[in-house]
Amino acid sequence: MTLNAPMRAVGPLLTAICKIQPSPEHLTPLHPDFLQVCLSAKCYKIGYSILEDDIYKVDQPRDFFLYCYYGGMICIGQKRFAKALELFHNVVTAPMSSMNAIAVEAYKKYILVSLIHLRQFSSTFPKYTSSVAQRNLKNFSQPYIELANSYSTGNISELQAFVQANQEKFENGNNLGLVKQVVSSMYKRNIQRLTQTYLTLSLQDIANTAQINSPKEAEMHVLEMIEDGEIYATINQKDGMVRFLEDPEQYKTCEMIEHIDSSIQRIMKLSKKLTTMDESMSCDPLYLSKVGRERQRFDFDDFDNVPQKFNL
Amino acid sequence: MFITPTSTVRPNRPQFLKPSLDSSNSHNRAMASLKDPAQMASSSSGLTFKLHPLVIVNISDHHTRVKSQSQPPSADSSSSTSTSPSSRVFGCVIGVQRGRTVEIFNSFELLYDPSTHSLDRPFLEKKQELYKKVFPNFYILGWYSTGADAEESDMLIHKALMDINESPVYVLLNPLINHAQKDLPVTIFESEMHVIDGIPQLIFVRSSYTIETVEAERISVDHVAHLKPSDGGSAATQCEIPPENSLLRQVSSLLRRLPAIESEKFQDDFLMEYNDTLLISYLAMFTDCSSTMNDLVDKINIAYDRHSRRGGRTAFI
């Protein structure tokens with residue numbers, strides 16, 4: 001790193017990780033360093049290959065935060081927004097006992113990626129988020145939340161005005177590029193909403209409703225979305241009509257069977273892991289002591305699974 | 001050879017052939033009537049006969065066994081058909097007679113004594129006693145034999161049985177496999193007193209019958225009928241590989257579960273239904289997983305209470 005040639009560090013770090021890891025499910029301290037190096041060297045693909053393993057064991061929580069944060073950025077670089085969203089979500093909801101700068105940054109990016117990918121953002125936290133995060137995260141990322149609010153109105157010019165106004169704040173967070181992507185995704189969002197209301201629509205109308213400048217641009221957007229598989233539509237070039245279709249997947253093919261079958265296998269493995277974790281949690285003395293303590297408040301026959309001696 | 005009964009459950013075999021008791025050649029006809037099926041008189045007793053498939057399977061099994069035992073086991077198939085004449089097998093049929101309906105349920109074998117042209121009487125009585133204990137309702141209704149047609153000597157047997165049952169039935173199974181004939185090669189004869197040439201004589205007349213079966217019987221008979229001496233068995237006798245019965249059973253059950261039709265429309269529907277089932281099980285697993293996860297999260301929240309300030313980080317596994 002001191003040589004300012006991060007590219008050279010990528011190879012050796014990758015081998016080091018593979019050797020140190022007791023199993024692909026472990027997170028080592030080398031992981032976040034490796035990802036950071038990849039980011040600096042812009043070797044996103046190699047970094048992404050590490051991200052594909054699921055992590056079950058973490059030694060140091062800080063490693064985890066950094067790993068997820070850098071991992072999310074690499075995914076953004078690769079334009080895999082779904083995986084980036086997942087990683088940022090992990091950072092935000094990870095257990096933390098005090099406020100964490102990594103989590104704050106991650107939360108800002110989380111909002112932006114959610115707007116780009118899902119075209120919406122919900123500000124309620126899932127219940128497994130730590131209470132520390134729940135209370136404090138919003139305070140640190142105020143402009144982003146306002147951005148999300150104005151995004152949900154669907155008005156592009158308003159959004160652009162807002163971005164202009166707060167440009168330096170976004171720049172300070174090194175997020176301006178992402179914000180610009182958010183603005184351009186607004187068109188797609190509007191078009192997508194149209195599919196839910198109309199069966200056919202002319203390109204001119206699309207342009208008007210979605211506040212796109214010209215039908216030509218509208219056609220371009222629609223075409224992009226069809227190619228990405230985000231909507232199903234046919235464009236009739238003669239009269240400029242766009243026809244929105246249903247998902248043509250009939251679930252009749254053997255590939256679909258294989259796909260579902262592999263998903264079932266994955267979820268079976270996951271289920272086994274979850275049950276073992278649940279069982280080990282039930283035997284955890286800390287948990288048992290807490291449950292035992294609260295037991296007095298409840299009726300006698302509410303839950304009997306705690307022996308008397310844990311009643312502190 | 002093993003005769004497999006056709007799978008039709010109720011073949012109606014009307015055998016109503018016009019009785020032609022022309023007095024001019026009645027004598028010839030009387031002799032010929034026993035041998036010529038086309039001019040056999042039809043039964044006029046008005047009894048309805050119901051035959052259970054078990055009887056047919058029993059008779060054919062008896063015949064096959066005797067036939068295969070009478071031949072030397074090392075004879076190859078080419079000589080078996082030509083040389084030995086098919087010996088007849090005999091036995092008794094038992095069942096129930098209710099009013100005008102005669103229902104033949106079961107049968108058992110009897111030894112035929114060629115010298116006295118009669119069936120083994122003491123054995124028959126012993127068997128009858130045993131069967132009476134198990135099936136108190138069943139009576140000896142008659143007897144059976146194999147062959148192409150009823151013969152004169154059969155009448156002697158028939159008369160001998162008349163002291164047990166005043167009007168016994170005679171079930172005849174034709175063991176020759178005739179592929180042109182679609183019906184079962186089973187005929188039921190009754191004896192009737194007909195006046196031929198002024199002499200009252202007992203002759204056989206054909207009767208119609210229906211096949212009667214209960215569900216359990218149908219399944220088991222079907223099952224037995226589909227057993228064929230497989231080549232795997234012959235490999236076993238040659239001591240190549242010991243046949244793994246449980247494995248064979250699994251294989252056969254797997255084969256039976258495969259779809260039997262091969263049309264495109266069927267493929268579509270089949271795959272769609274298969275996908276639906278897979279999706280449902282996927283959904284079920286999902287729900288199960290989410291519920292476990294929910295419990296786990298609750299436990300973690302209770303155990304590692306965030307409200308209290310703790311130094312350092314809690315272990316996160």
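Me: In this predicted model, is the crossing of helix 5 and helix 6 of chain A left-handed or right-handed?
Reply: Helix 5 of chain A crosses helix 6 of chain A in a left-handed manner.

Me: At what angle do helix 5 and helix 6 of chain A pack, and how far apart are their axes?
Reply: Two packed helices are described by the angle between their axes and by the distance between those axes. Here helix 5 (residues 81-93) and helix 6 (residues 101-117) of chain A pack at about 145°, with the axes 9 Å apart.

Me: Which residues of helix 5 and helix 6 of chain A meet?
Reply: From helix 5 of chain A, the residues include A:Phe81, A:Leu85, A:Phe88 and A:Val92; from helix 6 of chain A, they include A:Ile102, A:Ala106, A:Tyr110 and A:Val113. The residues of this contact divide into 14 nonpolar, three polar and one charged.

Me: Turning to the two chains, what area is buried between chain A and chain B?
Reply: The size of an interface is often given as the accessible area lost when the parts come together. Between chain A and chain B about 3,600 Å² is buried, and carbon and sulfur atoms give 68% of that area. Chain A brings 38 residues to the contact and chain B brings 36 residues.

Me: How many salt bridges and polar contacts are counted between chain A and chain B?
Reply: There is one salt bridge between the chains: the side chains of B:Lys299 and A:Asp278 meet at 3.0 Å, N to O. Two residue pairs are in polar contact across the interface.

Me: Which helix of chain A gives the most to the side that touches chain B?
Reply: Helix 14 of chain A does, with 16 residues. The side of chain A that touches chain B has 22 nonpolar, 11 polar and five charged residues.

Technical notes: Residues are numbered from 1 along each chain as its sequence is written. Chains are lettered from A and ligands numbered from 1 in the order in which they are written. This is a predicted model: local features need pLDDT of at least 70, side-chain atom pairs count only at pLDDT 80 or more; totals for chains, interfaces and linings use all residues. Side-chain values use heavy atoms; hydrogens and water are left out. Contact means heavy atoms within 4.5 Å. Buried area is the accessible area (1.4 Å probe) that two parts lose on being put together, summed over both. A salt bridge is a side-chain nitrogen of Lys or Arg within 4 Å of a carboxyl oxygen of Asp or Glu. A polar contact is a pair of N or O atoms within 3.5 Å; within protein, one must be able to donate a hydrogen and the other to accept it, and residues adjacent in sequence count only if both atoms are side-chain atoms. Helices (H or I, at least four residues) and strands (E, at least two) are DSSP runs, numbered from the N terminus. Ala, Val, Leu, Ile, Met, Phe, Trp, Tyr, Cys and Pro count as nonpolar, Asp, Glu, Lys and Arg as charged, and the others, Gly among them, as polar. Axes are lines fitted to C-alpha atoms, for helices over the stretch in contact, and angles run from 0 to 180 degrees between N-to-C directions. A crossing is left-handed if the near helix is turned anticlockwise from the far one by less than a right angle, and right-handed if clockwise.
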